[in-house]
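Let's take a walk through this model, stopping at a few places where side chains meet. Keep the viewer open as you read.

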Amino acid sequence: MYTPFSSRYTSGGTIVFTRLFALMFLAALLTLFPRTGTTKESALTVGVLVSPPFVMKSEQAYSGLAIDLWEDLAANKQWAYRYKEYATFRDLLSATESGELDVAMTNLTITQQRALKVDFTQPWFDGGMRLMVSSDKGTGFQSVVKGLAQAGFITAYAWIVFVVLLATVLLTLFDRRFDQSFPARWRDGVAESFYTVMSIVTSGRAPARKNLFGWLGRIWQALWLVCGVGILAFVTSSVTSVMTTLAISSQINSVDDLNGRAVGVLVGTVEEDYARKQGLSMRSYASLDEAAAALGNGDVVAVIADAPVLEYYVYSNPGLPVNVVGRLFERDKYGFALPLQSPLSRELTLAVLGAVDEGKVDEFKTKYLGSGQ
């Protein structure tokens, strides 16, 4: 059937006009409801690990240098997000690698090995490693007792105590049998014999006693004195050697002083990799509190961790007998981590570069670390 040209033109115009009107209406709606980058349903999952001063937690709220930087960037980009906390660096990086997280943050060191598994933004903090040691010189009573036990001297001391008690009993029985002036009461006699034995052991001298058997008795008393001097010398030398060893072992100022000694690191950190490569006797801990406790107990002689983390820990715990020593070594850089080929990597990197150029990162450093950083 033939349709006049005018009718076809009118019909086609109506369709075009309708589509144009729909596009204009949609554009108007978009202007009324601007895009926020992410909706609540598509909010970014941000993994965090508590590591002051970079990530801190109080009453379910997070703060810290890394948190402040991220929240400033997210506000500018209008990104919605939610935090998810992890206990160790290993868990945090594994979750990022698997895609469970969109972004991961704490004092995350950028390394080649990690970059094979996750993406990193441009670095925003220059860090490195330092040592935390006990500020107790190691010559306190408890340290000496523990040192004596580890050296095997406590067992020898137990035998000495046994010999002293046995000698006290034998001397009491001997004097009650042969010395008519010896106290008749057992309590007084045992006390007198114990005093005699302890005088020999502690000073190498015996109190005035009757010579009951002439020259033979004198020789016997001389042998007792020799035994006492030997015991006194053994106790003195063993305590002195242990105290000297403890004093020397507490003088740790660099990694070179750690050879053959147990050192503490945190699980999944670059310090753990470093200690393993250096062949150090290493013990891994889930948190810095656990590592500091091990340091206080003498299980390790030092803790290797990120310098700003150690410095902030010592500053925040003035009551703990710990101190940060030595120079910065194994310098490194921190960045945010993302899954490999994340569509957010480039945009977040550019945002980090902008924050560095604008001086915002320096402001956050000053806020948490002072003007020295």
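This is a predicted model: local features need pLDDT of at least 70, side-chain atom pairs count only at pLDDT 80 or more; totals for chains, interfaces and linings use all residues.

Are W124 and F336 buried or exposed? Both W124 and F336 are buried.

The structure holds 17 aromatic pairs. One of them joins W70 and Y81 in an edge-to-face arrangement, with 5.7 Å from centre to centre and 75 degrees between the planes. W70 sits in helix 2 (residues 65-77) and Y81 in strand 4 (residues 81-85), so the pair links distant parts of the chain, 11 residues apart.

Now back to W124 and F336. Their rings also form an aromatic pair, this one tilted, at 5.5 Å centre to centre and with 40 degrees between the planes. Here the partners lie 212 residues apart. W124 belongs to the loop between strand 6 (118-120) and strand 7 (125-134), and F336 to the loop between strand 11 (322-334) and strand 12 (337-339).

Step back, and both pairs turn up in one aromatic cluster: W70, Y81, W124 and F336 are among its members, along with F54, Y62, W79, Y83, F125 and Y334.

Next, follow strand 11, where you'll find V322. With a relative accessible area of 10%, V322 is buried. What does V322 touch, if you leave aside its neighbours within four places in sequence? The contacts are M132, V133, S134, S135, L295 and V314. Take S135: V322 is 187 residues from it in sequence, yet their C-alpha atoms are 4.7 Å apart in space.

Last stop: the helices. Helix 10 (residues 288-297) packs against helix 11 (residues 307-316) at an angle of about 70 degrees, and their axes are 12 Å apart. That angle is why helix 10 counts as roughly perpendicular to helix 11. The crossing of the two is right-handed. On the helix 10 side, L288, D289 and A292 make the contact, and they meet V309, L310 and Y313 of helix 11.

Methods: Residues are numbered from 1 along each chain as its sequence is written. Side-chain values use heavy atoms; hydrogens and water are left out. Axes are lines fitted to C-alpha atoms, for helices over the stretch in contact, and angles run from 0 to 180 degrees between N-to-C directions. Helices (H or I, at least four residues) and strands (E, at least two) are DSSP runs, numbered from the N terminus. Angles under 35 degrees count as roughly parallel, over 145 as roughly antiparallel, 65 to 115 as roughly perpendicular and the rest as oblique. A crossing is left-handed if the near helix is turned anticlockwise from the far one by less than a right angle, and right-handed if clockwise. Contact means heavy atoms within 4.5 Å. Rings of Phe, Tyr and Trp (its six-membered ring) pair if their centres lie within 6.5 Å; planes under 30 degrees apart count as stacked, over 60 as edge-to-face and the rest as tilted. Buried means under 20% relative accessible area, exposed over 50%, partly exposed in between (1.4 Å probe, protein chains only).
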